[in-house]
Amino acid sequence: MRKGIYPGSFDPVTLGHLDIIHRAADLVDELVIAILHNSSKKGLFTTEERIDLLKRVTEDIPNVKVISFDGLLVDCAIQYGTKTIIRGLRAVTDFEYELQLAQTNKRLRPDIDTIFLTTNVKYSYLSSSVVREVASYGGDISHFVPEKIIDDVYKIVKRGEKK
Ligand code: PNS
């Protein structure tokens with residue numbers, strides 16, 4: 001059985017992430033979506049909220065599993081029985097960081113490889129921070145996140161502003 005792991009912060013999940021998830025899920029028998037739970041690097045969405053949003057937007061993809069992890073990604077990959085990390089590449093600006101991440105992971109675990117999927121050009125400008133920013137001003141995020149989570153994203157972003 002061929003498994004892959006797609007890690008990220010997903011703060012929150014975007015249509016760009018979802019596009020990578022669909023394509024990655026076609027490449028493997030099981031795709032583990034691994035949400036970084038980092039207590040020192042708090043995001044706007046709690047880990048439970050990110051898990052919930054990701055589960056809802058992937059409920060129609062049968063070979064996807066959503067989990068959270070703390071610690072090293074390579075350890076999480078081994079724990080879930082995969083040696084294939086999948087990451088999306090939006091633009092050349094992503095490249096340096098992604099290369100460093102992939103090479104660090106390779107140094108830590110030479111048996112683990114990273115595969116890059118190029119982001120659909122439709123979403124090449126899109127990021128979770130763009131979603132948070134536009135939502136915080138009440139802008140239209142319907143081109144940025146799946147329809148079924150739009151209301152929750154506004155609600156959570158507004159809650160963050162009250163803090
Ligand atoms: O969506 P992001 O924030 O670009 O995802 C980054 C992520 C979660 C893939 C990366 O920060 C990560 O793997 N963190 C876990 C700690 C780790 O293993 N770091 C790799 C060595 S620098």
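Leu-73, Ile-85, Arg-87, Glu-98, Leu-101, Ala-102, Asn-105 and Thr-114 line the largest cavity, in a model that is predicted, with local features requiring pLDDT of at least 70, side-chain atom pairs counted only at pLDDT 80 or more, and totals for chains, interfaces and linings using all residues. Residues are numbered from 1 along each chain as its sequence is written, and side-chain values rest on heavy atoms, with hydrogens and water left out.

**Cavity**

- The elements that give two or more residues to the lining of the largest cavity are E4 and H4, where helices (H or I, at least four residues) and strands (E, at least two) are DSSP runs numbered from the N terminus.
- H4 gives the most to this lining, with four residues, and the lining of the largest cavity comprises four nonpolar, two polar and two charged residues.
- In these classes Ala, Val, Leu, Ile, Met, Phe, Trp, Tyr, Cys and Pro count as nonpolar, Asp, Glu, Lys and Arg as charged, and the others, Gly among them, as polar.
- The largest cavity has a volume of about 30 Å³, and the count comes to one cavity of 30 Å³ or more.
- On a 1 Å grid over the protein atoms alone, a cavity is a set of points where a 1.4 Å probe fits but cannot get out, whereas a pocket is an open set with protein on both sides within 12 Å along at least five of seven lines, and lining residues have an atom within 4 Å of a point.
- Grid points are joined across faces, edges and corners, and a volume is the space filled by probe spheres set on the points.

**Largest pocket**

- The largest pocket holds about 1,200 Å³ of space, and of the 46 residues that line it, the closest to its centre are Gly-8, Ser-9, Phe-10, Lys-41 and Arg-87.
- At least two lining residues come from each of strand E1 (3-8), helix H1 (15-27), helix H2 (47-57), strand E4 (84-89), helix H4 (92-108) and helix H5 (128-136), and H4 gives the most, with seven residues.
- By class, the lining of the largest pocket has 15 nonpolar, 19 polar and twelve charged residues.

**Ligand**

- The ligand is surrounded by 13 residues, the closest being Ser-9, Gly-71, Leu-72, Leu-73 and Arg-87, where a residue counts as near if one of its heavy atoms lies within 4 Å.
- For Leu-73, a backbone N or O atom lies 2.8 Å from an oxygen atom of the ligand.

**Aromatic pairs**

- The structure holds two aromatic pairs, a pair being rings of Phe, Tyr and Trp (its six-membered ring) with centres within 6.5 Å, and planes under 30 degrees apart counting as stacked, over 60 as edge-to-face and the rest as tilted.
- The ring centres of Tyr-6 and Phe-10 are 5.4 Å apart with the planes at 70°, so this pair is edge-to-face.
- Tyr-6 is buried at 5% relative accessibility, and Phe-10 is buried at 3%, where buried means under 20% relative accessible area, exposed over 50% and partly exposed in between (1.4 Å probe, protein chains only).
- Tyr-125 and Phe-144 also form an edge-to-face pair, at 6.0 Å centre to centre and 65° between the planes.
- Because Tyr-125 lies in the loop between strand E5 (113-118) and H5, and Phe-144 in the loop between H5 and helix H6 (150-162), the pair ties together parts that are 19 residues apart in sequence.
- Tyr-125 is partly exposed at 44% relative accessibility, whereas Phe-144 is buried at 12%.

**Helix H6**

- Lys-162 is found in helix H6 and is exposed, with a relative accessible area of 74%.

Notes. Polar contact = N/O pair within 3.5 Å; in protein donor to acceptor, adjacent residues only side chain to side chain.
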